[in-house]
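Me: I would like a close look at a single part of the structure shown here, followed by an account of how that part connects with its surroundings.

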There are 2 protein chains.
Amino acid sequence: MASIQEVAREAGVSTATVSRVINNHPFVSDKSRQSVEKAIRKLNYEPNMMGRNLRTSSTNMLLVLLPSISNPFYSKILQGIQDTARRKGYYILVCETDASSEIQSFFINTAKQQLAAGIISLDPSLDLEDVLLPQLQDGYPIIQCGDSPQNDTIPYVSIDNAMAAYKAVKYLLATGHTRIALITASDDFRYATARHEGYMKALAESGIQPREEWISRGEVDYEGGRLAMQKLLTLDELPTAVFAIGDIMAIGALKAIREAGLHTPSDIAVIGFDNIPFSNMTTPTLTTVSQPMYDMGCSAAQMMIDKLNQKEKTIKSLILSHELIIRESTEL
Amino acid sequence: MASIQEVAREAGVSTATVSRVINNHPFVSDKSRQSVEKAIRKLNYEPNMMGRNLRTSSTNMLLVLLPSISNPFYSKILQGIQDTARRKGYYILVCETDASSEIQSFFINTAKQQLAAGIISLDPSLDLEDVLLPQLQDGYPIIQCGDSPQNDTIPYVSIDNAMAAYKAVKYLLATGHTRIALITASDDFRYATARHEGYMKALAESGIQPREEWISRGEVDYEGGRLAMQKLLTLDELPTAVFAIGDIMAIGALKAIREAGLHTPSDIAVIGFDNIPFSNMTTPTLTTVSQPMYDMGCSAAQMMIDKLNQKEKTIKSLILSHELIIRESTEL
DNA sequence: TAGTATACTGTTATCGATTACATTAATTAT
DNA sequence: ATAATTAATGTAATCGATAACAGTATACTA
């Protein structure tokens, strides 16, 4: 672990000159530059990040908050963040926010301690605005990714959830369905309420009065989707199609339908949201709305890095495009 | 961002005394301790990690190398690592090794720069011994998790893969199968060859001569499993059961069987490996060998931290227990 | 009472980098 | 030929913490 001093001694120059060579300053003679580079190679020198970051009071680490690492939706976004960050020389600190309550203080410390240069949050349930931001230094960069925040003071990367849901339900209507149920989650999540809105709007446009009992709620996981579907299956008049606000819930719904001895899509069509890898591996394969998860991650990281480099004074939110992927669960 | 100097001034003591209070040294008077604590609260002080780590030339970050973040097997392990690490005050730097070739140098720098205190690798394809280790400082801690390394100089956390595979195939034999195929991957992975061995041993014990054509190989993903199964389906005499060395490949196999108009388990039973969350959501649900992924992660992190704290001079490898989970894909 | 141990606190060097400032050498302008 | 620029380099302070060492005050021992 050679230090800059050793390199300087080896090269017969001062540490300042070595530093200038490392950081590509002008005003270094070719002679000095060459002997420094030679010394660096000889000693296998790497600048120590701690020393550098302490002095410049900067850091090349980004903190990513995500509700659950093993949720494929988030991990795909994380992949995008990671790739972009690495290309720009940034490291990713991950923090799974689901696990416990000490977490808040743990990651807020990360920011306070200047360990991370900024926070990218994938957690839609985290109240960034009212809980997180006030605890951070003024101007500390935060980006929300995959959902839009409660209010618009925090920049985000997302898709137009209402529009995407609208189009998905429109598609169901176009294929002849009129009794279309919604499987959704708590209204705490903006994306959930936005997709709910899109659903309502599509029905309204077709002159269909959405029934109270068509809205079934559950946890955002497989069991939650399964239970929500089971509730729908107790209705006197069954829906002929279901729009679930997430693929995993939709996959749970598929299961409940099959358990009831019914068939998808002939008895009940199902449409999901997110296009997680597994949505293409189910039986039947799942019609879904594709979110550009990887791109969302890339964009979030890029926005953060631009902000850190002051290329952009303020971060502008970004709406990416979505796509309806039609598969077996709705094909008649 | 108050510094230790400001706290010292506020409390009317020297920085040394503040440092002693922070680090719970004895020999601090109650009077000093109280005024320091008061100053810390008042200034909302948090020790700066960069300063501390530079001085102590230590760090509380661990680097985790994983082939793919979005693979549920790895992400579940990562969850265990993360939880344990955080409880002990360590941060996790993730590095997805699949993506590109600059990666090697990127993460080796992390170690060289003393940014990370140790490396936990989940990547079975990474040649830790011959490629990674020689580039690191002598004694730099590395742990392999989820697979045993090529040779035994690097400590690891894993299960007994050969035994687990043996028991899985034994179960198929016990339920009357005699033509049992194997879907596996490249022999580059130790876990793959170990599971292959277990398969061979079980067949041999039952006096069954394993046929060459029963061994079908593919990439370790959904498509790989599907293609490998398709190859098996071209045989004149079809196998009645298939053991796949990973759940995702097994799920691909289920798909291929269904596409061929056959039924699982009545025509061909399928058994997977890993017990990823999705193995319980397929149709039919997948019989599989459960690896304690979360525990593996916890153990790996714990071993690393013990090593770093010098509780353990050398790290001892750990074999955790597995379990056969019987579900619909093998139930007749 | 002098001497010694003990408890507590402060001074200062240090980790490894960056950078403002000073200095010197070389070049150009007058 | 002298003054004024410009280029190249070095000196030393600095970031925020820790810790060796020294120093002071108090209690205890002989």
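How do the residues of the surface near DNA strand D divide into nonpolar, polar and charged?

Reply: The model is predicted. In it, the surface near DNA strand D is made up of 13 polar, 10 nonpolar and 4 charged residues. The most is given by α4(B), with 5 residues.

The contact between the protein chains can be considered next. It takes 39 residues from chain A and 39 residues from chain B. On the side of chain B that touches chain A, at least two residues each are supplied by α4 (49–56), α5 (72–87), β2 (91–96), α6 (102–112) and α11 (247–259) of chain B. The largest share of that side comes from α5(B), with 8 residues. By class, that side of chain B has 19 nonpolar, 12 polar and 8 charged residues.

A further element of the picture is the nonpolar core. In soluble globular proteins, nonpolar side chains tend to be buried together. Here the largest nonpolar core has 185 residues, and the residues with the most contacts inside it are V64(A), A253(A), V64(B) and A253(B). For V64(B), the contacts beyond its neighbours within four places in sequence are L78(B), I81(B), I92(B), L93(B), V94(B), C95(B), I120(B) and L122(B).

Methods:
Residues are numbered from 1 along each chain as its sequence is written. Chains are lettered from A and ligands numbered from 1 in the order in which they are written. This is a predicted model: local features need pLDDT of at least 70, side-chain atom pairs count only at pLDDT 80 or more; totals for chains, interfaces and linings use all residues. Two residues are in contact if their C-beta atoms, placed from the backbone, lie within 7 Å. Helices (H or I, at least four residues) and strands (E, at least two) are DSSP runs, numbered from the N terminus. Ala, Val, Leu, Ile, Met, Phe, Trp, Tyr, Cys and Pro count as nonpolar, Asp, Glu, Lys and Arg as charged, and the others, Gly among them, as polar. A nonpolar core is a set of buried Ala, Val, Leu, Ile, Met, Phe, Trp, Tyr and Cys residues joined through C-beta atoms within 7 Å. A residue is buried if 20 or more other C-beta atoms lie within 10 Å of its own, exposed if 12 or fewer, and partly exposed in between; C-beta atoms are placed from the backbone.
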